[in-house]
Amino acid sequence: MDKDFKPNIVGFLCNWCSYAGADLAGSNKLEIKPFLSVVKVMCSSRVNSNLVLTSFLWGADGVLIAGCHPGDCHYEKGNYYARRRFALLKKIMESLNLEPQRLQLSWVSASEGKRYAEVVNKFAEDITKIGPSPFRKNQNL
Amino acid sequence: MSKKIGVYICECGTNISDRIDIDSLIEEISSLEDVGVAKKYGLLCSPAGKKYLAEDIKKEELTHLVIGACSPREHEQTFMKVCLEAGLNPYLFQMVNIREQCAWMISDKEAATRLAIKYIRAGIKRVALHKSLEKIELESNPDVLVIGGGIAGIEASLSLAGPERKIYLVEKTDALGGMTNKFAQLLPHQGANLSIVKDKIEQVNNNEHIEVFTSTAVEDIHGFLGNFEISVTNQEKDSEKKEFKAGAVVVAIGFGLYDPKETPAFGYGDVENVINALEFETMISSGKIVLKNGKPPASVALIHCVGRKEKGYCSKTCCLYSIKFARYLKDKLPNVDVSEFYQDLCLPDKSDQNYFEEAKKKGIHFIQSDEIEIKDINDRIKVKYKSAEGKKEELSVDMAILAPAMVPSQDTPKMAEMLNLPLDETGFFKEAHEMLNPVATPIEGVFVVGCALGPKNIPDSIVQSQAAAGKILSTLIPGKKLEPEVKTAEIREEFCTGCQTCLSVCFYGVISFDEHKGISIVNEAICRGCGSCVGSCPSGAIKIKHFTYPQLYREVLEALR
């Protein structure tokens, strides 16, 4: 394992629950590994397959999608759509020879700052163990 | 027109400046394409800060604005107002969260600064792709359609009617009052003698702002919050049709009763002197409690939970009215022997326990039981049951009164289809959220109250009607226009293949299918901007304003830099 490996993770957070949960983690000064960049979406259901696959093809070592807990979606059912798409994306990743663990879907509510910190830190740790994405070499920004 | 992006980094007192090296951040980003100004400021949300920002936007003739500060949940609205004041479209602004999600969660200043630079770069690249968006204003009709003239519909109408708000109260039968018309009495704490219901009906009839349509069916409802178009037909006057407009709809179509014949073990229809609760109410009204042979009963069994197992829920009201019946019987026929066969006692309200204890003192027997079977044995009713101890027992009585489960009104499926409302597994209407939004539905401006949502007593129905009225009163303010969501979905016709996947995922019934063009159409007036349709569109034909694919893609690219 490369000791200096600093993973690049994209985190799609829904506006109503997970983004607010991330804010709360910050307000509580919970320490979070600086490897995840947040991209806000209104609902986890907005994260289409294209966005996730683009992230990987451009060299993301991990992608986190975080939304409201089942039953709590601000738009009633969006997180269920996200969950179905997540299952599909895992299959696509296998066919791309990309470890499916590089994609994670988590439920984080607006009151779960601590959970947000745990989810992100654990995911960063997992991705660090898996190592750099094979697509990193495609990066040509 | 060439772009001139202004980037302002807020020190937030020392909240941000202590943990992020703002000077090196500004140095990093000031040479990026289209960045005309990159500055820091002590506290941008302060009155002085807002003034400074507005003046700078004008002085520098900025075309786009990026602010690196706290979470947009804190001050995005604040700075959008500043943009408006300064003549900049507020959607040409991007707020970048470098406090909560950066400075405050990363204690290593160098690492925090690196992430802040990424975020600000992403904000700059993103804002360059922003388009001006304009708030639109929609005329809105303050009037309300109330469907169902039972106690819930009556209460909703009375709570809403006023000089600037007309109520159309549509009832399918020929009288207001709903199921209460079949009751002889209410519970003591509900006013017992039904006078409150009669008073309310009189108030409705005397209210010049309520137009009552009896014997009338709702044929069609079209439209959205503030702009529903309704047509109704009178079932008596040669199907006379009427049309009117309303801004909101309250569905108060009540409930039906489980038919005990569906479970032959209850003996209803087979065994003489087995009657249902409504038939007993009629007996109370007539003042004559008698058997088929004209004699008063010497013993009566009250059977709770008729249909509870079959339907899968408790109907909440039956325990109390069965106790009401038992107490009435004891008062009317002092020597009568009364037994209540229950599965579990439901005594949820504060006066209920006492009402039950008093009944026990009157000598009414309460028998916890299961597997009830009612048979006719030598012209007497035999109630066979399994006791709480698991023993098979039986009791002979002269009369049995069944308390059938409350079930959805037979009009529920039709109404659900007309209004595009979901039902739950019990067949009643489903709340937008059982706890957080109990009388709203996925369709904005449409509310469901009372027993149409599930079994409940009269006080709870009234609470729901007043709740829905409150929601409507605060939304449909007479003379005030509605401002729909700006960040809505938009179909790019040339890409739409007409697969209609978006129709199936949209929870709010916003998307319809244009048969002629063969494509989906978004009603932007009611779109909430979640983007579920965008996420599901296989041909990429839908975009959501302000969260377009290029905008998010830019953010992703900068994240991976």
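Helices (DSSP runs of H or I, at least four residues) and strands (runs of E, at least two) are numbered from the N terminus. By that count, chain B comes to 16 helices and 25 strands.

What you're looking at is a predicted model, where local features need pLDDT of at least 70, side-chain atom pairs count only at pLDDT 80 or more, and totals for chains, interfaces and linings use all residues. Residues are numbered from 1 along each chain as its sequence is written, and chains are lettered from A and ligands numbered from 1 in the order in which they are written.

Here are some overall values for chain B.

| Property of chain B | Value |
|---|---|
| Radius of gyration (over C-alpha atoms) | 32 Å |
| Span of the C-alpha trace along its principal axes | about 100 × 60 × 45 Å |

For 561 residues, a compact globule would have a radius of gyration near 24 Å; that rule is 2.2 Å times the number of residues to the power 0.38.

Now for a sheet in chain B. Five strands form an open sheet with parallel pairing, in the order β7-β6-β5-β11-β21; strands pair if DSSP finds at least two bridges between them. At the edges sit β7 (210-213) and β21 (446-448) of chain B, each pairing on one side only. β6 (residues 167-170) of chain B runs parallel to β7(B) over four bridges, and I167(B) stands opposite I210(B).

Finally, the two chains meet: 37 residues of chain A are in contact with 35 residues of chain B, contact being C-beta atoms, placed from the backbone, within 7 Å. On chain A's side, α1(A) gives the most, with six residues.
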